[in-house]
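Keep the viewer open and click along.

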Amino acid sequence: MHRLSSGDKIPKLTGQALSGQEISLSDYSGAPLILSFYRYAGCQLCNLRMHDFIKKYKKSYEPAGINAIAVFQSPIDKMNKYTSEHDAPFEIISDPDYLWYDAFGLENSWAGLLKAMFKPKPFLRSVAKGYSRVDPDGSMNRLPADFLINEKGIIDVAFYSKDVSEHIPFKTISKWINQSAVKSKSNYKKTKRRETA
């Protein structure tokens, strides 16, 4: 699989969202986008990251006019069982056929799974937050990734994790927002959700 990097244009993709909508990446042109890939909906580390990301998004990223999409390899029924409890203010895509994962060059790594086992802090935090369950579906050793995409659909930052507990640091996202001088707001998802409510 071919990894994408800074300066690459994002591929044209559509997918089924947890909201029931068919989502296309092209729908998000015109505003900056954070695209995050997770493993499966019952992953305790993924749920911890979602919890932390949603707090940051509501406080800092959404007010700055940033859109977001999260991608899980789980089917919709598993997504409804686990991921829906976060009540994310952005769309979450179900990609059990790995179309989005493959298009962005995400990889599997048993070494990356083992490496995470020697980092107890994320596991302890996930248990403290109530995310102690493990209910895998699909690839357990899928490595996460995050992409910071500008309003023209060009990747500014591509972050491929080295282990299953790793995501792009929040300080990197904040630096990208500040350097991009993002001031405009996008009401895309709020508008779409009102239409389907």
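## Ground rules and confidence

This is a predicted model, so to speak of local features a pLDDT of at least 70 is needed, and side-chain atom pairs count only at pLDDT 80 or more, while totals for chains, interfaces and linings use all residues. Numbering runs from 1 along each chain as its sequence is written, and side-chain values use heavy atoms, with hydrogens and water left out.

The mean pLDDT (the predictor's confidence in each residue, from 0 to 100) is 86, and 84% of the residues reach 70 or more. Residues 182-197 are the stretch to treat with care: pLDDT is below 50 there. In the model, that stretch still has 31 contacts beyond near neighbours in sequence, a contact being heavy atoms within 4.5 Å.

## Overall layout

The protein has seven helices and seven strands. These are DSSP runs, numbered from the N terminus: H or I with at least four residues for helices, E with at least two for strands. Along the sequence the pattern reads β-β-β-α-β-α-β-α-α-α-β-β-α-α.

Of the 197 residues, 52% are buried. Buried here means under 20% relative accessible area, exposed means over 50%, and partly exposed is in between (1.4 Å probe, protein chains only). Among contacts with a separation of 6 or more, 75% join residues 24 or more positions apart.

In soluble globular proteins, nonpolar side chains tend to be buried together. A nonpolar core is counted here as a set of buried Ala, Val, Leu, Ile, Met, Phe, Trp, Tyr and Cys residues joined through side-chain atoms within 4.5 Å. The largest one holds 31 residues, and M50, F53, Y61, F90 and I173 touch the most other members. Two or more residues come from each of α1 (44-61), β4 (67-72), α4 (110-117) and α6 (170-180), and α1 gives the largest share, seven residues.

Another core, of 23 residues, lies apart from this one, with I10, Y28, I69 and W100 among its members.

## Around β3

S36 sits in strand β3 and is buried because its relative accessible area is 3%. With residues up to four places away set aside, S36 touches I69, A70, V71, A145 and D146. Its C-alpha is 10.0 Å from that of F53, 17 residues apart in sequence.

Y38 comes in the loop between β3 (33-37) and α1, and at 1% relative accessibility Y38 counts as buried. Its contacts, again without residues up to four places away, are C46, R49, M50, F53, A70, V71, F72, Y101, R142 and H167. R142 is 104 residues away along the chain, yet the two C-alpha atoms are separated by 8.1 Å.

P11 is in the segment before β1 (14-17) and counts as partly exposed, at 22% relative accessibility. Beyond four places in sequence, P11 is in contact with L4, L25, A103 and F104. For P11 and A103, 92 residues apart along the chain, the C-alpha separation is 6.8 Å.

L25 also turns up in the lining of the second largest pocket: of 16 lining residues, K9, I10, L25, S26 and G153 lie nearest the centre. On a 1 Å grid over the protein atoms alone, a pocket is an open set of points with protein on both sides within 12 Å along at least five of seven lines, and lining residues have an atom within 4 Å of a point. The lining divides into seven nonpolar, five polar and four charged residues; Ala, Val, Leu, Ile, Met, Phe, Trp, Tyr, Cys and Pro count as nonpolar, Asp, Glu, Lys and Arg as charged, and the others, Gly among them, as polar.

## Two loops with positive phi

D87 has a phi near 50°, positive in a residue other than glycine. It lies in the loop between α2 (76-81) and β5 (91-94) and is exposed, at 57% relative accessibility.

Y98 also has a positive phi, about 60°, and is not a glycine. Y98 lies in the loop between β5 and α3 (99-103), and is buried, with a relative accessible area of 19%.

Definitions and conventions
1 Å grid on protein atoms, 1.4 Å probe; cavity = no way out; pocket = protein on both sides within 12 Å on 5 of 7 lines; lining within 4 Å.
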